Amino acid sequence: MKTVDLRSDTVTRPSEAMRRVMAAAEVGDDVYGEDPTVNRLEAMAAELLGKEKAIFVPSGTMSNLTALLSHCGRGDEYIAGQDAHIYRWEGGGGAIFGGIQPQPLDVDEDGTLNLDQVRRAVKPADHHHAVTRLLCLENTQGGRVLPLPYLEEAAGVAGELGLAMHLDGARVFNAAVYLGVPVREIARHFDSVSVCLSKGLGAPVGSVLCGSADLINRAHRWRKVAGGGMRQAGILAAAGIHALEHNVERLAEDHENAELLSSGLGHIDELLVSPARTNILFVTPPAGTAPRLREALAAEGILIGGGDVIRLVTHLDVDGAGVERTVTAFKRFFANRGK
């Protein structure tokens, strides 16, 4: 029985076609800048995002970290959401490596940061304060797509305040497909953009950081300092190229499956189910039932995330049949509960 793994879109396996291009990849030593496949991936990513240059790194965490270190110095500050991955889920790397202070703000219901709060959070020019340098947004944020007019307004506010703009665009291609626009239409508002290749795009490893040539040159040094210099990395870069060439438009299928999953689970009275947000939705079972629910679903080959509010994520390894199996298994659990 095929496993339906809804814990994250990072759990995908490389397709046979992706494995073939990885096996055939032309390689060299990327620390010397001599891996032609890495160079091709970086050029492709920069072109797609509308930036001068890009750098291939092992993970989204390192991509965001090198961005922070390239934008900010010791004692500087960045603004981000309380729920932002760069603030909450990346081990405090900016503070550890760079002495960079985060200034978290509450995230609004639509995934945006209130720009009036951003204005108030910027520190005055006073030796008592950290120097606010950078505004970090995330798109998608918990699956929510930031509206294009909001990005325009945020960029204007950042410009007035003298802040650079960084986008944690781990799932920015989901946002672009959802909006029906080229990804550069989102990226154009930002000085740097981090993109994960290993989430919905289906590559096994890697992210790219895109920005100006000067910024990416600084990021090269920080990648090395953080231990991210790779050698014959073209084997991995080839998977990223394949993902960008073949797995972008198909993200719409993940969004459709998330909507089907949300709709199907929404008919179960015991569940509180959020609307699908691109490829992500959240379900809240009755108090105390989540552990037993996870165990029951796992017995049927369906894996779901932890916590009392459970995130479900669709991806290229979850098809319509998997969604139907999941809805049926949820229904069976609640029908049998208490028997």
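## Salt bridges overall

A search of the whole structure finds 15 salt bridges, a salt bridge being a side-chain nitrogen of Lys or Arg within 4 Å of a carboxyl oxygen of Asp or Glu. This is a predicted model, in which local features need pLDDT of at least 70 and side-chain atom pairs count only at pLDDT 80 or more, while totals for chains, interfaces and linings use all residues. Residues are numbered from 1 along each chain as its sequence is written, and side-chain values use heavy atoms, with hydrogens and water left out.

E245 pairs with R40 in a salt bridge whose closest N and O atoms are 3.0 Å apart. This pair links distant parts of the chain, with E245 in helix α11 (residues 234–246) and R40 in helix α2 (residues 36–49), 205 residues apart; helices here are DSSP runs of H or I with at least four residues, numbered from the N terminus.

E245 counts as partly exposed at 45% relative accessibility, and R40 likewise counts as partly exposed at 45%. Partly exposed lies between buried, under 20% relative accessible area, and exposed, over 50% (1.4 Å probe, protein chains only).

## A buried pair

The side chains of D254 and R250 meet in a salt bridge at 2.4 Å, N to O, and both D254 and R250 are buried.

E185 forms a salt bridge with R188, with 3.2 Å between the closest N and O atoms. E185 is partly exposed at 29% relative accessibility, and R188 is partly exposed with a relative accessible area of 45%. Through salt bridges that share partners, E152, E185 and R188 are joined into one network.

Key
Helices (H or I, at least four residues) and strands (E, at least two) are DSSP runs, numbered from the N terminus.
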